[in-house]
Each structure stands twice: as structure tokens, then as C-alpha cells.
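Colleague: I'm new to this one, could you walk me through a few things in it?
Modeller: Gladly, let me put it up and then ask whatever you like.

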Amino acid sequence: LAAGVPLARAGEDRWELPGPVGDLLLTMAPPDVAVLRVAAESYVRRGEIAAAVELLLGVGEGDAAAAVLSAASPASLDDVDILEYEAFVGRIEAATLDQHPAVLLHLARLCDGAAMFEKRAVVLDRLEQAAALHGDDHIRNAVEVERITDLMRSSQFQLVEERTTSVLERV
């Protein structure tokens, strides 16, 4: 600020360049992806998952963004709006999502919390396909547990008991 760089507060301890200034600077030289990865890591350490993912997706680092989302704890995603998270997932290639299935598992759980049950079912179907494609029994079991949660919600207790027993026998 003292040097005359126009910065706008974007959080408690984060600043950003106003859009037109940032756009002008991008025409002068491409962003240094290595530096932006370091910045994203800093955001993650401070619990600013959305800022880290937005930064990485903005420079075409979909795999790195998926890795951040995949590694995020459910608690760290509490501040991420479901629609924002869904938009992040929509910007990541399907093959990348297959390599980071926890991204879709988080989405399914966020949909549950937002009472977006139809969307949740679609995400669980997609996740189940990815698990089958890669032979990932851990994700397959996680999907089954999520489906059992759905059965609990609809008071299908006999099915809950049967399917829970089945999962427990597999693990």
C-alpha cells in the first residue's frame, strides 16, 4: 500500500489486486505457477480452502486443486458454500476426480447437509462408478455407508441393519 500498489482487503489477513489491475498484470507475463502453489499451501494452512482451490483452478492446476479438496477435513469445508464447492468440482476434469474420489465424497456429504438429496444420489452413483473402475474398496464401502445413512433418514431400519452388517463383514 505504501508503495502505491492498489490492494483491496479480501479477508482478515489477505489482500488482492482489484480485477482490472490484476488483468493488466496478467497481460505482461503469465503467473508463476510455483509461486501460486506456495500461496495456495499458505491458504490451506490458514484454513482458507476455497481461496486455495480458486487460486489453483484459476491457473489450470486442477489436479492440485483436487488434492486440496480431497485432503480437506469435513470441518475445514464448513466455511465453503455447497454451490461454491459444486462449482469447484465442475471445473475439475472427470479423470482427475477419479484419482481423487474423496472430492466427490465430500460433495455428497455437503449435499446431505444442504438437503440436496437428488444431487447427492447422482454424486454417489458417480462415485460408485469411479470406485468400481479403480477397484477401490474403501470408497465403495464409504458410498455404501452414505447410502445406509439415506436409508436411516427414510426409516428403513431392516435394510439399514442388513447393509450395515454386510459392510462390517467386508472391512
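Colleague: Which residues make the nonpolar surface patch?
Modeller: Bearing in mind that this is a predicted model, the patch is made by Leu7, Trp15, Leu17, Leu24, Leu25 and Met28, and its area comes to about 540 Å².
Colleague: And which helix gives the largest share of the patch?
Modeller: That is helix H1, which spans residues 19-28 and contributes 3 residues.
Colleague: Where is Leu7 found, then?
Modeller: Leu7 lies in the segment that comes before strand S1, and that strand covers 8-11.
Colleague: Changing topic, at what angle do H7 and H9 pack?
Modeller: The angle between helix H7, residues 101-113, and helix H9, residues 137-153, is about 5 degrees, and their axes are 11 Å apart. Angles under 35 degrees count as roughly parallel, so H7 and H9 are roughly parallel to each other.
Colleague: Which residues meet there?
Modeller: From H7 there are Pro101, Leu105, Arg109 and Asp112, and these meet Ile139, Ala142, Glu146, Asp150 and Arg153 of H9. Sorted by class, this contact of H7 with H9 has 4 nonpolar and 5 charged residues, with no polar ones.
Colleague: How many salt bridges does the structure hold, and what do the side chains of Glu146 and Arg109 meet in?
Modeller: The structure holds 15 salt bridges, and the side chains of Glu146 and Arg109 form a salt bridge with an N to O distance of 2.8 Å. This pair links distant parts of the chain, since Glu146 in helix H9 and Arg109 in helix H7 are 37 residues apart.

Notes:
Residues are numbered from 1 along each chain as its sequence is written. This is a predicted model: local features need pLDDT of at least 70, side-chain atom pairs count only at pLDDT 80 or more; totals for chains, interfaces and linings use all residues. Side-chain values use heavy atoms; hydrogens and water are left out. Axes are lines fitted to C-alpha atoms, for helices over the stretch in contact, and angles run from 0 to 180 degrees between N-to-C directions. Helices (H or I, at least four residues) and strands (E, at least two) are DSSP runs, numbered from the N terminus. Angles under 35 degrees count as roughly parallel, over 145 as roughly antiparallel, 65 to 115 as roughly perpendicular and the rest as oblique. Contact means heavy atoms within 4.5 Å. Ala, Val, Leu, Ile, Met, Phe, Trp, Tyr, Cys and Pro count as nonpolar, Asp, Glu, Lys and Arg as charged, and the others, Gly among them, as polar. Patches are made of residues with over 30% relative accessible area and no salt bridge: like charges are joined within 9 Å, nonpolar side chains (Val, Leu, Ile, Met, Phe, Trp, Tyr) within 5 Å. Accessible areas come from the Shrake-Rupley method with a 1.4 Å probe; for residues, only the protein chains shown count as cover. A salt bridge is a side-chain nitrogen of Lys or Arg within 4 Å of a carboxyl oxygen of Asp or Glu.
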